[in-house]
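Hi everyone, and thanks for coming.

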Amino acid sequence: MQPQDIQHLIALSRPAVHPSGEWAVVASSRPDLAANRAVGQLWRINLDDGRATRLTRGVADAAPQLSKDGRLLAFLRADDRDKPQVFVLDPAGGEPVQATAAEGGVDQFAFSPDGDRIAFTSRVAEHGRYGSVEGLGPRDESPRLIEELAYLGNGLGWTRDRRAHLFVAEVPDPHGEPSYRRAPQPGDGLDGVEVPTPEPAVAPATRLSSGDHHHTGPAWTHDGTRVAVITARHDTREHDLLGSLVEFDVAAPDEQPHVVVPASAGLSIHSAITTTAGGYALVAQEMGPTGRDFLARNAGLYLVDSPGEAPRRLTDAETIDLGEVGSHLTEPGEGAGGGILAQFRTRGRVQLARVTPLGHDLLTSGDIEVLSHGAGGPRVVAVVATPTSAAELAVVEDGRARVITTFGAALADAGVVEPSEHEFTARDGSPVHGWVWLPEGPGPHPVLLNIHGGPFAQYGVHVFDEAQVAVAAGYAVVQCNPRGSAGYGQQFGRAIRHAMGSVDATDVLDFLDATLAAHPSLDAERVGVMGGSYGGYLTAWLIAHDHRFTAAIVERGFLDPETFIGTSDIGWYFSEGYTGDDPAQRAAQSPMAVVEQVRTPTLVVHSEEDYRCPLEQAQRYYSALKRQGVETQLLVFPGENHELTRSGSPRHRVERFEHVMRWWATHLPVERTDAQEGLSGAAAALDLL
């Protein structure tokens with residue numbers, strides 16, 4: 001795989017399954033170098049033979065949902081102001097009709113049970129900000145007076161002056177008469193001639209929520225009279241991570257919401273669905289006595305039998321984790337087996353499970369990561385990532401996910417190398433699990449040790465562009481899930497609480513040493529190390545304490561827990577959660593506190609608009625290296641945030657690969673084979689744009 005092949009990394013949305021179970025709709029999304037943005041459309045997939053038919057031709061259509069009866073299909077598409085709005089079409093054919101015209105665009109939406117209305121959330125800007133007054137630009141806005149700890153969001157910016165509120169809109173008839181602009185009439189402007197106010201092209205929505213509160217995840221009750229959302233309205237919300245689930249009465253928009261799950265339940269709620277029994281199912285994490293003990297808490301499935309009753313956890317808190325990004329719940333009909341469908345994260349995989357009050361059964365197995373799922377009629381389907389494809393649609397049957405699409409075919413043709421899987425024993429007897437990619441040829445191959453972010457995350461079995469580009473260039477790639485990672489139990493994840501840079505560091509080094517011993521083709525004298533976010537932290541920590549590495553790349557790093565507290569969007573709770581509330585204790589776990597010990601040539605990579613790990617972390621680290629004479633460079637990407645490597649502009653993603661591979665080629669040169677040629681073609685590809 002070459003850098004420009006990121007164009008073949010096709011992602012798929014959560015599937016919308018027709019109630020017949022005969023077909024489903026997904027939205028594709030992929031980086032496009034010529035457009036320099038993500039592009040994608042909606043596809044109708046026949047669930048018997050996998051035949052895919054393109055339904056729309058928008059630039060970046062997304063988030064398809066079918067009405068309960070399957071007669072309407074809604075999705076998100078940008079309007080003429082580049083704001084995402086809900087559009088509706090007949091899935092049998094016809095043009096989409098715009099259903100919303102939210103000033104701030106639509107974040108999330110849901111069909112009412114009868115399919116006649118849509119509930120959605122949209123950010124409402126404070127007057128005088130974000131273009132709400134024509135001609136008033138950001139430089140001319142009034143100053144912001146901040147009184148809370150949480151006021152920033154990575155990828156968003158300021159949040160307190162544009163809260164997400166709940167709205168309800170009527171669904172237009174996609175077969176109805178279009179609206180037309182009234183033409184001027186000869187009598188317009190004469191005395192006594194009344195010019196009618198033109199009807200809006202999109203009917204206005206009704207706002208249900210108010211106040212200085214954020215709302216997310218709209219879900220209709222089964223009778224269609226109320227909409228539930230996740231919010232935080234309790235008095236201590238500025239000092240904890242707790243949430244509540246509340247219901248708004250659609251017929252009484254001025255009334256205060258009814259509380260279904262209060263903040264006093266002690267949960268951080270990720271998502272919620274209504275159940276046919278009249279209650280709710282939640283994905284949530286327990287936040288402990290302080291309300292912000294988030295660290296390595298396995299997300300669980302909770303059942304609320306009826307509003308006001310205490311949530312019951314149905315999954316084991318220690319061993320079952322529903323916390324993978326995008327994890328959600330579905331309640332299939334009895335024809336599809338009933339229960340609640342949920343995604344279990346474990347040992348580099350994500351499997352689909354059916355959960356009931358009596359326990360759970362795994363519905364899938366093997367080397368997959370279930371990214372999303374859906375159900376309709378007798379069918380359960382899932383979007384899965386595999387070792388050779390970023391996303392495919394699969395039918396779930398007979399204990400496995402049977403892939404029926406070929407969205408990853410072009411990526412496979414570009415050349416994908418599958419890794420070998422290992423579990424080694426660390427110096428204290430703890431298991432360390434991971435993967436090794438080997439390039440072609442007998443070696444000796446230079447080695448790149450990759451470290452994931454999080455820390456409570458996992459490397460998995462899905463195709464990973466970082467590893468693929470490196471192995472195609474002739475590098476062996478080693479990556480593992482050290483203690484602190486997700487997918488191995490809650491105790492494993494909490495092992496580095498107030499002890500970062502301890503067993504996580506030794507686990508990574510022990511896995512590396514065992515890999516070098518197990519694979520004689522690897523060159524133990526030429527090893528580089530790199531990582532992003534927490535991976536940047538551990539990379540910086542390792543090169544200060546172990547001088548075996550030929551070179552390093554520290555990317556979007558968490559490098560100084562102390563200054564992180566006051567600058568990161570999550571700093572007010574993350575630093576103390578992981579490194580403790582004592583400044584001396586935090587300093588003892590800080591890469592900045594030991595930067596003078598670094599001798600390894602280090603490339604520091606960061607994004608200008610990263611509010612998760614702010615740019616100052618990289619600037620201060622780079623400056624310290626430079627001043628003490630360490631070979632170093634600082635690479636800063638304008639307009640990008642913490643998600644550069646995953647969802648940044650395609651051009652920047654390719655340029656980043658160019659810089660990364662140039663750094664390795666300088667410090668860890670390899671003898672290139674014919675199969676490894678082409679990396680320099682990334683520059684040529686850019687010149688063609």
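A word on the model before we start: it is predicted, local features need pLDDT of at least 70, side-chain atom pairs count only at pLDDT 80 or more, and totals for chains, interfaces and linings use all residues. Residues are numbered from 1 along each chain as its sequence is written, and side-chain values use heavy atoms, with hydrogens and water left out.

Let's begin with strands. When I say strand, I mean a DSSP run of E with at least two residues, while a helix is a run of H or I with at least four; both are numbered from the N terminus. Two strands pair if DSSP finds at least two bridges between them.

In what order do the strands of the open sheet come? The order is E7-E8-E9-E10, four strands with antiparallel pairing. At the edges are E7, residues 62–66, and E10, residues 97–98, each of which pairs on one side only. E7 and E8, the latter covering residues 73–78, run antiparallel and are joined by three bridges. If you look there, you'll find Leu66 opposite Leu73 of E8.

Now please move along to strand E28, residues 369–376. Six of its eight residues are buried, so E28 is largely enclosed by the rest of the structure. Buried here means under 20% relative accessible area, exposed means over 50%, and partly exposed is in between, using a 1.4 Å probe and protein chains only. E28 pairs with E29, residues 379–386, through seven bridges in the antiparallel sense. Gly376 has Arg379 in E29 as its bridge partner. Two residues sit between the strands of this hairpin, and Gly377 takes a positive phi near 60 degrees.

On to the rings. Rings of Phe, Tyr and Trp (its six-membered ring) pair if their centres lie within 6.5 Å; planes under 30 degrees apart are stacked, over 60 edge-to-face, and the rest tilted. How many aromatic pairs does a search of the whole structure find? It finds 18. Take Trp43 and Phe407: their ring centres are 6.0 Å apart and their planes at 80 degrees, so this pair is edge-to-face. Trp43 is in strand E5 (42–46) and Phe407 in the loop between strand E31 (400–403) and helix H1 (409–414), so the pair ties together parts 364 residues apart in sequence. Trp43 is buried at 15% relative accessible area, and Phe407 is buried too, at 13%.

Another edge-to-face pair is Trp572 with Tyr573, because the centres are 5.0 Å apart and the planes at 80 degrees. Trp572 is buried at 14%, and Tyr573 at 17%. Both belong to a cluster linked by ring pairs, whose members include Phe294, Tyr534 and Tyr578.

Some rings have a charge over them, meaning that NZ of Lys or CZ of Arg is within 6 Å of the ring centre and within 35 degrees of the ring normal. Arg77 does this over Phe87, at 5.7 Å from the ring centre. The charged end of Arg345 is 5.3 Å from the centre of the Phe456 ring.

Finally, the surface. Trp158, in strand E14 (residues 157–158), counts as partly exposed because its relative accessibility is 32%. Thr206, found in strand E16 (residues 206–207), is partly exposed at 39%. Its C-alpha atom is 9.4 Å from that of Ala119, 87 residues away along the chain.
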